[in-house]
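Please look through the structure shown here and keep it in view while reading. The briefing takes the chains one topic at a time.

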Amino acid sequence: MLRYITKRVFAMLLTLLIIATITFFLMKLLPGSPFKNQDKLTEAQKYALNEKYGLNDPVPVQYINYLGKLAQGDLGLTFQFNGRTVNSMIVNGMGPSATIGVEALIFGTLVGLIFGIAAALKHNTFIDYGAMIIAVFGIAIPSFVFAGLLQYYVGVKLQWLPVAFWNGPEYHIMPAFSLSVFVIATIARFMRTEMLEILGTDYILMARAKGASRMSVIIKHSVRNSLIPIVTILGPMAINLITGALVIENIFAIPGIGEQFVKAIQVNDYPMIMGTTLFYSFLIVVIILIVDILYGIIDPRIRVAGGKS
Amino acid sequence: MNVTEKQLTPDLFRPAEQGTEKSDEITKPSISFWQDALRRLRKNRGAMIALFAIIFIIAFSFIAPLFSKYGIDDQELMRSNLPPKIQGLEKIEFLGVNGVDIRGTNPYELKNVPKDQYFWFGTDGLGRDQWVRVWKGTQISLYIAFLAAAIDIIVGVTYGGISAFYGGRTDDLMQRLVEVLYGIPNLVVIILFIIILDPGILSITLAICITGWIGMSRIVRAQVLKLKHQEFVLASKTLGAPNGRLITKHLLPNTLAAIIVSATFTIPGAIFFESFLSFIGLGIQPPTASLGSLISDGFKSLRIFPHLALYPAAVMCILMISFNLIGDGLRDALDPKMRR
Amino acid sequence: MEKLLELDNLHVSFQTYGGEVKAVRGVNFSLEKGESLAIVGESGSGKSVTSKAIMRLLPNKIGSIKEGSIRFEGKDLAKASEREMEKIRGAEISMIFQDPMTSLNPTMTIGKQIMEGLRKHQNMSKSEAKERAVNLLKLVGIPNPEIRVTEYPHQFSGGMRQRVVIAIALACNPKVLIADEPTTALDVTIQAQILDLMRDLQDKTGTAIILITHDLGVVANLAQRVAVMYGGIIVETGTVDEIFYKPKHPYTWGLLASMPKLNAESKELIAIPGTPPDLMNPPKGCPFAARCPYAMEVCLEHMPEAKDVSSSHKAACWLLDERAPKVEPPEAAVVGGAQ
């Protein structure tokens with residue numbers, strides 16, 4: 001198991017290095033300077049600015065410097081605000097982004113599990129069909145389109161919830177709910193399939209032959225065993241949450257990382273784009289690694305086999 | 001058991017005239033895999049409705065713009081931000097297509113638009129006919145999606161097929177590369193790619209494909225690896241079938257189902273990413289429009305002119321749901337065991 | 001002797017897309033205390049369905065008991081509520097399934113799976129149940145039971161798993177043990193060990209066994225009485241000796257003829273031609289008529305009644321009617337020195 005983890009961590013570092021390199025050189029290829037809009041600057045001032053951000057050095061030197069700083073976790077200075085670091089911007093944005101992300105994940109997982117279990121237990125009934133129709137909608141409709149529609153109907157027309165901004169718990173509801181729709185749908189579908197498969201196995205029949213009650217068979221045997229493979233879809237789901245949050249923060253004017261990222265794209269703030277990109281990559285790669293290791297730990301079949309997955 | 005003795009006449013105890021072949025008869029005609037899949041797909045009501053919805057939207061995206069005399073970029077500030085108005089339906093209040101906006105005023109009268117002038121989906125901030133823009137936008141979105149799916153199939157099938165068919169070192173090397181690429185979040189790659197290339201139909205399509213083919217190649221590789229060692233392929237090989245025949249007669253047809261299913265899910269995925277890019281300001285640039293860019297622009301003035309976002313959003317939702325339903329239907333029909 | 005379990009005119013049907021499948025069509029048999037009965041038949045004959053019906057473990061919406069009764073110690077299980085059945089399953093009647101590879105929960109330790117029934121039926125404390133689990137593992141011949149009790153199913157071989165399944169089934173000292181093809185999925189050498197174990201345990205515990213199998217070799221090893229099932233009905237019942245040495249039903253002859261013999265000159269196995277009847281539209285007459293080389297016209301039209309051959313031996317065949325021609329069993333079906 002330890003060897004497996006070490007191997008995976010190295011692979012992860014390699015992936016991150018590749019992403020960092022690609023990001024760096026792609027940014028160098030970009031036409032135009034970040035200061036192109038500031039026409040009033042004199043040549044001397046521009047030179048001074050380039051000097052300050054290290055843009056006058058030869059590219060390989062810049063690359064080495066960049067990797068060196070990166071190794072220490074330093075993502076550089078943003079172009080937008082004088083003297084502010086990308087790190088501080090990301091840290092600032094972390095709060096709201098992580099909040100709605102986690103809220104959406106918890107709410108979505110709970111509701112998704114309930115839907116999935118109910119659909120499986122009431123297989124081929126109205127409940128099953130209803131849950132699966134909701135699931136198809138949830139998977140098909142992009143969370144940001146859903147968010148916009150929610151904002152219009154619940155926020156603007158019905159005025160039940162604040163339309164935007166970030167001033168208290170009631171401001172979390174719409175963004176977190178929009179994000180959670182995909183989670184609900186994915187988990188409900190996955191759980192249903194898993195449950196149906198497990199309910200048809202011999203060991204469920206065996207448990208019933210022992211005299212176990214319906215409830216105990218459902219909870220101790222089927223739900224428990226269905227939950228294990230759920231872990232495998234957490235990775236793709238986290239990626240979807242991050243993608244969705246990028247846009248949803250903009251729709252609801254939430255001061256999170258996603259909102260800053262979009263702003264950075266619009267004003268060509270290279271260090272911020274690079275920094276956020278790397279941050280996202282790091283997040284996703286780490287989540288996938290954790291999920292894989294977690295799966296090995298909770299499934300006894302893999303645990304004892306020494307992590308052959 | 002309810003037989004009374006009287007009914008049993010001695011002549012009943014003669015040996016019966018029957019052959020054992022009778023019980024061996026196969027009564028049902030044999031049907032091919034594809035016929036069977038088609039039959040299953042036809043029985044899936046959701047998938048059939050979805051199929052008709054898609055055909056309808058595709059056809060309509062070409063026909064509908066002809067109903068308007070305006071082009072996609074015919075601006076006229078005098079008739080900007082008009083709400084939808086449809087002849088015949090304008091009397092029915094709750095449909096909201098009577099030319100009156102959400103504040104209750106009628107911009108058609110205020111802006112002196114001719115009485116016989118109808119904008120079915122209203123107009124945008126530059127006075128362009130939203131009807132034309134929505135359907136042209138649908139064309140663009142679908143174009144990107146189908147192109148992306150086609151590129152995914154070509155690259156993915158070739159890569160996965162070669163990797164699995166030749167195996168050994170070739171496979172090892174090719175899979176190392178895929179592993180590294182697979183580790184990179186596609187979100188990041190797509191954004192970076194667009195920033196460099198400048199947003200456009202082709203660059204957006206390429207950006208979507210740059211990681212998209214990997215999924216396809218993995219599916220194809222897994223299928224071919226599985227098939228390669230099955231008896232019927234080995235038998236054909238033992239009989240001296242050349243590689244070309246193995247690939248075209250055995251491997252490809254048996255991988256086709258997985259390819260089709262995977263490609264069907266690529267399409268909504270591409271529509272999703274295209275609209276995602278529009279939302280973060282990296283989508284199709286004006287005057288061209290896509291469903292994503294229309295919805296994204298519409299959301300900016302959602303409170304005052306909801307019609308700008310709602311109509312393209314509706315078309316997009318129908319498309320996305322339909323493609324997903326068809327994908328599910330195809331998957332269930334082609335491989336009942338693959339249900340997930 | 002006292003009847004422990006008595007099935008009377010049991011009918012079981014399945015609702016499928018194609019229509020109603022009449023899997024069991026009027027089965028009668030009884031089981032006495034400590035007795036072992038084998039139900040023999042090919043796949044689709046209804047033997048597994050009968051056993052699941054006794055446990056009331058038929059697939060929920062689609063399978064149901066249409067008619068008849070299952071009397072267990074005077075109580076009709078066919079009409080028992082789910083709650084009553086929960087008290088009986090595992091405690092009074094328990095079951096062993098065919099495939100030990102899939103009949104154990106892969107994410108639960110062996111110990112917990114044995115303890116589940118004990119805790120439910122005998123209100124044992126955790127430590128008591130654990131002690132009993134270790135003893136049970138010892139009883140079924142698993143070495144190092146104290147250690148193995150904390151292990152997971154995948155750490156056991158197929159034969160060992162079947163021993164664990166037997167331990168689970170015997171945990172609460174049930175009066176009846178239904179073994180549904182307990183050795184089919186195992187290697188031949190392991191099969192013999194498991195059968196030895198079952199016979200040994202039956203001697204020790206006095207549990208009555210219903211053995212469901214298609215393998216006559218297994219029957220000879222374990223059972224005292226045999227019921228031969230075909231097309232959803234029992235075509236012949238009798239003691240092992242009666243079935244092996246004086247079989248009356250042509251289907252039983254076919255089964256015996258298709259059994260490999262050690263002393264036969266011909267190494268060829270004799271198969272019964274044809275396939276079992278379609279139970280969606282079961283034949284009016286004898287289900288075996290279509291494959292029977294001695295079929296008469298009456299066989300196609302009327303279902304034969306079970307006739308007493310001796311006090312313990314019954315067969316449902318028109319050949320036993322006095323009007324029928326005399327037919328001798330084919331040579332291949334005569335068991336000389338059966339194994």
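This is a predicted model: local features need pLDDT of at least 70, side-chain atom pairs count only at pLDDT 80 or more; totals for chains, interfaces and linings use all residues.

The predictor gives the complex an ipTM of 0.82 together with a pTM of 0.80. For chain C the mean pLDDT is 83, and 94% of the residues in this chain reach 70 or more.

**Annotated regions**

- An unreviewed UniProt entry lists residues 138–327 of chain B under "domain: ABC transmembrane type-1", and over this span the chain is 85% helix and 0% strand, with end C-alpha atoms that are 20 Å apart.
- For chain B the unreviewed UniProt entry also lists "transmembrane region" at residues 47–68, 140–165, 177–195, 201–220, 255–284 and 304–330.
- Among these stretches, residues 255–284 of chain B are 83% helix and 0% strand, and their end C-alpha atoms are 35 Å apart, while residues 304–330 of chain B are 89% helix and 0% strand, with end C-alpha atoms 42 Å apart.
- In chain C, the annotation "domain: ABC transporter", again from an unreviewed UniProt entry, covers residues 5–256; this span is 39% helix and 28% strand, and its end C-alpha atoms lie 28 Å apart.

**One residue of chain B**

- Ala258(B) has its place in helix H10 of chain B, which runs over residues 243–279.
- Because 19 C-beta neighbours lie inside 10 Å of Ala258(B), this residue counts as partly exposed.
- When neighbours within four places in sequence are left aside, Ala258(B) is in contact with Ile219(B) and Gln223(B).
- Phe67(B) and Ala258(B) are 191 residues apart in sequence, and their C-alpha atoms are 40 Å apart in space.

**The sheet of 8 strands in chain C**

- Chain C has an open sheet of 8 strands with mixed pairing, and the strand order is E6-E7-E8-E3-E9-E10-E12-E11.
- At the edges of this sheet are strand E6 (93–96) and strand E11 (306–308) of chain C, each of which pairs on one side only, and the twist from one strand to the next averages 20 degrees.
- Within the sheet, strand E10 (residues 233–239) and strand E12 (residues 314–316) of chain C pair in the antiparallel sense over 2 bridges, and Glu236(C) has Ala315(C) in E12(C) as its bridge partner.
- Helix H1 (residues 47–55) of chain C lies across strands E3, E6, E7, E8 and E9 of chain C, and runs at about 145 degrees to E7(C).
- Helix H6 (residues 158–170) of chain C lies across E6 and E7 of chain C, and runs at about 170 degrees to E6(C).

**The sheet of 4 strands in chain C**

- Another open sheet of chain C is formed by 4 strands in the order E2-E1-E4-E5, and here the pairing is antiparallel.
- Strand E2 (19–32) and strand E5 (75–76) of chain C stand at the edges with a single partner strand each, so one side of each has no neighbour in the sheet.
- Helix H1(C) packs on this sheet as well, where it touches E1, E2 and E4 of chain C, and its direction makes about 70 degrees with that of E2(C).
- Strand E1 (residues 3–16) and strand E4 (residues 63–72) of chain C pair in the antiparallel sense over 8 bridges, and one of the residues involved, Val12(C), has Ile65(C) in E4(C) as its bridge partner.

**Where the chains meet**

- The contact between chain B and chain A takes 33 residues from chain B and 39 residues from chain A.
- On the side of chain B that touches chain A, helices H6, H7, H10, H11 and H12 of chain B each supply at least two residues, and H12(B) gives the most, with 8 residues.
- By class, this side of chain B has 26 nonpolar, 4 polar and 3 charged residues.
- Chain A also meets chain C, where 20 residues of chain A are in contact with 25 residues of chain C.
- The elements of chain A that give two or more residues to this side are helix H8 (202–209), helix H9 (214–251) and helix H12 (300–305), and the largest share, 7 residues, comes from H8(A).
- By class, the side of chain A that touches chain C has 9 nonpolar, 5 polar and 6 charged residues.

Definitions and conventions. Residues are numbered from 1 along each chain as its sequence is written. Chains are lettered from A and ligands numbered from 1 in the order in which they are written. UniProt positions are given in the numbering used here, feature names are shortened, and annotations may be inferred rather than shown by experiment. pLDDT is the predictor's confidence in each residue, from 0 to 100. A residue is buried if 20 or more other C-beta atoms lie within 10 Å of its own, exposed if 12 or fewer, and partly exposed in between; C-beta atoms are placed from the backbone. Two residues are in contact if their C-beta atoms, placed from the backbone, lie within 7 Å. Two strands pair if DSSP finds at least two bridges between them. Axes are lines fitted to C-alpha atoms, for helices over the stretch in contact, and angles run from 0 to 180 degrees between N-to-C directions. Ala, Val, Leu, Ile, Met, Phe, Trp, Tyr, Cys and Pro count as nonpolar, Asp, Glu, Lys and Arg as charged, and the others, Gly among them, as polar.
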